[in-house]
Amino acid sequence: MKQQYESLLEQKLGICTPSPVQPLHLDWPGSDRLHLFVKRDDLIHPIISGNKWRKLKYALSDAVHDGVNEVISFGGGHSNHLHALGYACMKLGIQLRAMVRGDYREHLTPTLTDLQNWGAQLHFLSKAEYQQRSDPAFLHKYHHQYPDALLIPEGGSQQQALAGVAEIYAELTQQVDVIMTPVGSGGTLAGLIHANAAVELVGVGVLKGEGYLEQLVTDLLPQPSHQRWQILHRFHCGGYAKATPDLLRCCEDVKQQCGFQVEPVYSGKLFFALAQLLKENYFSAGSRILILHTGGLRQ
Ligand SMILES: Cc1ncc(COP(=O)(O)O)c(C=O)c1O
């Protein structure tokens, strides 16, 4: 029965899974020692793209199943998560209340303009208020004000997201030794860890978050996992959404050599890290490395 809801939901939203896995041909030093692949989750949907669908799939299908008609979630003015959720809610006839970090009333970002056009209610929170976004006492206020609303945390990163992310493994038709993914709110890496697959996981922190990101991931795991995982913290290029000329050159290089785009906030930093790790001969020769393209591009 639940499965029926899931496939109906996929049809209604126009979701394309499984996403393809493609060989990666890069002329970067060190790449000839390894087998490189990219999983094109960016092709899952033009808006609910990449890890957005993976993380929201079960929250949305449960919402539809349970007849939820209001959702509250959190994000910045450029949040890919709010954008994907706003579109999905519009398609599903669910009211989204978007709790936005900062006051954009005077100048809505393109993301917020889309959300508004899709019928979302925008609520602007001060930085101090936004910092409490995971605090139970703060959330209780929303439960009280909107008793029927479903709360989805920032980035869609919650335990329900783990099963959706883990489906990536079921879609793989070849063996891989390492999967690399960007890490922002931790849900994607946590989902990959939770599946306990025989794969080494390398997360690339996209913000200055040594210790903090590991904690986010660990907090999402319902039980300890035996999977080997780590987060690398030397590729954030100065912090969240910060970019360096080298990073931008790398994004351009990927476009030229691979024929698809990466953006500098998430997937670009992933490829930037890959280029450096290849140069350092970081991986054992002959390893099969899968790069997870988590989307983030606006079409
Ligand atoms: C395009 C994209 N890639 C990667 C990430 C990082 O994933 P996570 O927040 O699950 O760590 C995000 C943020 O959710 C994102 O928008």
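Colleague: Where do I start? How many helices and strands does the protein chain have?

Modeller: Start with the inventory. The protein chain has 11 helices and 10 strands. Remember that the model is predicted.

Colleague: What domains is the protein chain divided into?

Modeller: There are two entries in the assignment. Domain 1 covers 2–46 + 163–293, and domain 2 covers 69–148. The centres of domain 1 and domain 2, taken over C-alpha atoms, are 26 Å apart.

Colleague: How does the radius of gyration compare with that of a compact globule?

Modeller: For 299 residues, a compact globule would have a radius of gyration near 19 Å. The protein chain has 19 Å, which agrees. The C-alpha trace spans about 55 × 45 × 35 Å along its principal axes. Buried residues make up 41% of the 299.

Colleague: What share of the contacts joins residues 24 or more positions apart?

Modeller: Take the contacts with a separation of 6 or more. Of these, 73% join residues 24 or more positions apart.

Colleague: Now a helix. What should helix α1 span, end to end?

Modeller: First the general idea. An α-helix has 3.6 residues a turn, so residues three or four places apart point the same way. Now the case. Helix α1 has 12 residues, 2–13, and at 1.5 Å a residue they should span 16 Å. The end C-alpha atoms of α1 are 17 Å apart, which agrees.

Colleague: Which residue follows α1?

Modeller: Glycine 14 follows α1. The phi of glycine 14 is positive, near 75 degrees.

Colleague: On to the sheet. What is the strand order in the open sheet of 6 strands?

Modeller: Strands of a sheet pair through backbone hydrogen bonds, either parallel or antiparallel. Here the order is β1-β2-β10-β7-β8-β9, with mixed pairing. The edge strands are β1 (21–23) and β9 (229–232), each pairing on one side only. From one strand to the next, the twist averages 25 degrees.

Colleague: Do β1 and β2 pair in the parallel or the antiparallel sense?

Modeller: Antiparallel, over 3 bridges, with β2 running over residues 35–40. Glutamine 22 stands opposite valine 38 in β2.

Colleague: And in which sense do β2 and β10 pair?

Modeller: Parallel, over 6 bridges. Arginine 40 stands opposite histidine 293 in β10. Strand β7 (residues 178–183) also pairs with β10 in the parallel sense, over 3 bridges. Isoleucine 179 stands opposite leucine 290 in β10.

Colleague: How many residues of β10 are buried?

Modeller: Strand β10, residues 288–293, is mostly covered, with 5 of its 6 residues buried.

How values were computed:
Residues numbered from 1 in each chain as written. Predicted model: local features only at pLDDT ≥ 70, side-chain atom pairs only at ≥ 80, totals over all residues. Helix = DSSP H or I, 4+ residues; strand = E, 2+ residues; numbered from the N terminus. Expected span 1.5 Å × (residues − 1). Domains from an automatic or database assignment. Rg over C-alpha atoms; globule rule 2.2 N^0.38 Å. Buried ≥ 20, exposed ≤ 12 C-beta atoms within 10 Å, placed from the backbone. Contact = placed C-beta atoms within 7 Å. Pairing = 2+ DSSP bridges. Axes fitted to C-alpha atoms, helices over the stretch in contact; angles between N-to-C directions.
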